[in-house]
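Hello,

Please find the structure below. My notes on it follow, grouped by region.

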Amino acid sequence: VGDVARYLQAYYRHAAPDELSGATPERVAAVAAAHAEFAESRPQGRALVRVRAGGETSLDPTADVVDVVTDDMPFLVDSISMELANHDLSARVVVHPQLRVRRDVTGELREVVGKVIANPAENSQPTHDELAESWTHIEIGSLAPGEADAIAADLERILSDVRVAVE
């Protein structure tokens, strides 16, 4: 991940304080660490989607979790939220960092450089060897057995549709 403090700051920079207030510092760190571990290998042009039980790596231990890692594009959170609504689910917590990362040619994560900033005057846009990625951690209610796989497949399809529309 590189500089852990910079990563945590970039990861949680848009998170509402009330969404984090009930979680211990250890749990907050565990969520970000689990997401970085999930992001370790991502083939170019492909979204990673994981739907799992939250447990130790969720802000709310009773929640189930949707984790996504993909190229930064418009409409991601809205598209994910609408697909969750199609499954009668809503987000309890959304952490959505837009990160500058370095990956090797095989898609292995080498470093989280920092946050993507919309204002180019701040000189924090990705350089030629960096990618702008969107990482999304969404906490939802508990799922029925077998439901996670169907949700993950539908989210992968939706994210592929978003990529096609944006390109």
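Asp154 counts as partly exposed, at 21% relative accessibility; here buried means under 20% relative accessible area, exposed over 50%, and partly exposed in between, with a 1.4 Å probe and protein chains only. This is a predicted model, in which local features need pLDDT of at least 70 and side-chain atom pairs count only at pLDDT 80 or more, while totals for chains, interfaces and linings use all residues. Residues are numbered from 1 along each chain as its sequence is written, and side-chain values use heavy atoms, with hydrogens and water left out.

Asp154 lies in helix H5. Helices (H or I, at least four residues) and strands (E, at least two) are DSSP runs, numbered from the N terminus. Leaving aside neighbours within four places in sequence, Asp154 is in contact (heavy atoms within 4.5 Å) with Glu83 and His87. Asp154 and Val49 are 105 residues apart in sequence, yet their C-alpha atoms are 9.8 Å apart in space.

The arc is that of the directions from the helix axis to the C-beta atoms.

Most residues other than glycine have a negative phi. Phe75, in the loop between E2 and H4, has a positive phi near 75°. Phe75 counts as exposed, at 57% relative accessibility. Just after H4, Asp88 takes a positive phi of about 60°, although Asp88 is not a glycine. Asp88 lies in the loop between H4 and E3 and is exposed, with a relative accessible area of 74%.

Which residues of H1 are buried? They are Tyr7, Ala10 and Tyr11. Seen down the axis of H1, they fall within an arc of 100°, so they line one face of the helix. Ala5 and Gln9 are exposed residues on the face of H1 turned away from the buried side. What covers the buried residues of H1 includes H3, strand E3 (93-95), strand E4 (98-103), strand E5 (109-115) and E6.

Aromatic pairs were counted for rings of Phe, Tyr and Trp (its six-membered ring) whose centres lie within 6.5 Å; planes under 30 degrees apart count as stacked, over 60 as edge-to-face and the rest as tilted. By this rule the count comes to 3 aromatic pairs. One of them, Tyr7 with Tyr11, is tilted, at 5.6 Å centre to centre and 50° between the planes. Tyr7 and Tyr11 both lie in helix H1 (residues 4-11), 4 residues apart, about one turn of the helix. Tyr7 is buried at 4% relative accessibility, and Tyr11 is buried with a relative accessible area of 1%. Tyr11 also pairs with Tyr12, edge-to-face, at 4.8 Å centre to centre and 80° between the planes. Tyr12 is buried as well, with a relative accessible area of 10%. Tyr7, Tyr11, Tyr12 and Trp135 form one aromatic cluster.

**H1 against H3**

Two packed helices are described by the angle between their axes and the distance between the axes. H1 and helix H3 (residues 25-38) pack at an angle of about 95°, with their axes 11 Å apart. That makes H1 roughly perpendicular to H3. Axes are lines fitted to C-alpha atoms, for helices over the stretch in contact, and angles run from 0 to 180 degrees between N-to-C directions; under 35 degrees counts as roughly parallel, over 145 as roughly antiparallel, 65 to 115 as roughly perpendicular and the rest as oblique.

On the H1 side the contact is made by Tyr7, Leu8 and Tyr11, and on the H3 side by Ala29, Val31, Ala32, His35 and Ala36. By class, the contact of H1 with H3 has 7 nonpolar, 1 polar and no charged residues. Ala, Val, Leu, Ile, Met, Phe, Trp, Tyr, Cys and Pro count as nonpolar, Asp, Glu, Lys and Arg as charged, and the others, Gly among them, as polar.

Regards
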